Amino acid sequence: MKRIDMRNSGQSGQAMVEFLVSMTLVMSVLLLAIAMLGKFNDIRHRTLMASRYLAWERTVWSDGDATKNLASDPGTTEGWSGTYGGAALSASKLDTELKREVMQRLMANDGSPISGTDLKQNELPASQPAMWRDYGGNPLLASSSDIAVSTGVAADPASSLNGTALSQWAVPTATGGQYLAHLSLPTSTMRSGTLSLSVGGNSDVLKRFWPKDAALPAFSGLAFSDTNVLMTNSWMPDGSASNKALFSQAVPAANAVLVPPGGYQGLQKYAPEITSLQFGRVQQDVVPANRLKQ
């Protein structure tokens, strides 16, 4: 009959219990960490969507921030619109207003209503996404100061070369000189929107998850940032006068004599209407009054 050593059996059972307890602790921490990574991924996604929103809004609303001095640069939409489409300048939003809209529309709980007064709300929305809380129930995004918004403009590389034939071209005139025809369009049409978030800086729960360990610093929060760029469409001159001012520069005959009158006036006996030719005529079409009643 085989004898059983009770001491070895007791030690094996104790080792098994210790292993199970330690694995339970490790797996619990691992599962909690995975859930936190899901929360951070949701925040990362919202950051990306917010930067897209900022870039899109900048293609629709001009930047009225006087400190950026955009109106003094004809290459920007603001500077160009000052001459050819001034009404567009009244449709403007500051970066601070865009930040408030982002807070209310993309940092709020799903299903939250959108309002035209969002750009006036300085505080974070009362209802934030359910995932944006730590295990203690504290919001990961604690204050509006944890959100930073900036927008900018840059020149499109393909259209920023003002000396090329794409932007201006020389046309010989009747006097032997040249007229430099050109079409004035803004070249700084790339609109960028950047959003940065700082989350979890005041979370005691996360600080306990990631305490200081040797060379590794203690958890002090995470930063998320994203930038998106879109091209804006600046074809919005105001009325016939602005259209004429814009396009007449690209019609050489409207600015200089290209054909000497002596070259065609001798043909009047064959074509009397030649005396009324209007070379380079730039004028809006007008429907005759008698046609309006038909």
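1. Start with I147: leaving aside residues up to four places away in sequence, I147 touches K99, M103, M107, L124, L141, L195, S196 and L197. Contact here means heavy atoms within 4.5 Å.

2. A quick word on the source: this is a predicted model, where local features need pLDDT of at least 70 and side-chain atom pairs count only at pLDDT 80 or more, while totals for chains, interfaces and linings use all residues. Residues are numbered from 1 along each chain as its sequence is written, and side-chain values use heavy atoms, with hydrogens and water left out.

3. I147 also belongs to the largest nonpolar core, which has 23 residues; I43, V102, M107, L141, I147, L195 and L197 touch the most other members. (A nonpolar core is a set of buried Ala, Val, Leu, Ile, Met, Phe, Trp, Tyr and Cys residues joined through side-chain atoms within 4.5 Å; buried means under 20% relative accessible area, exposed over 50%, partly exposed in between, with a 1.4 Å probe and protein chains only.)

4. Now the charges. The whole structure has 11 salt bridges, each a side-chain nitrogen of Lys or Arg within 4 Å of a carboxyl oxygen of Asp or Glu.

5. One of them pairs D110 with R46, the closest N and O atoms being 2.6 Å apart. D110 is exposed at 60% relative accessible area, whereas R46 is buried at 11%.

6. D63 pairs with K68, again with closest N and O atoms 2.6 Å apart. D63 is buried at 6%, but K68 is partly exposed at 28%.

7. Shared partners link E57, K93, E101, R105 and D118 into one salt-bridge network.
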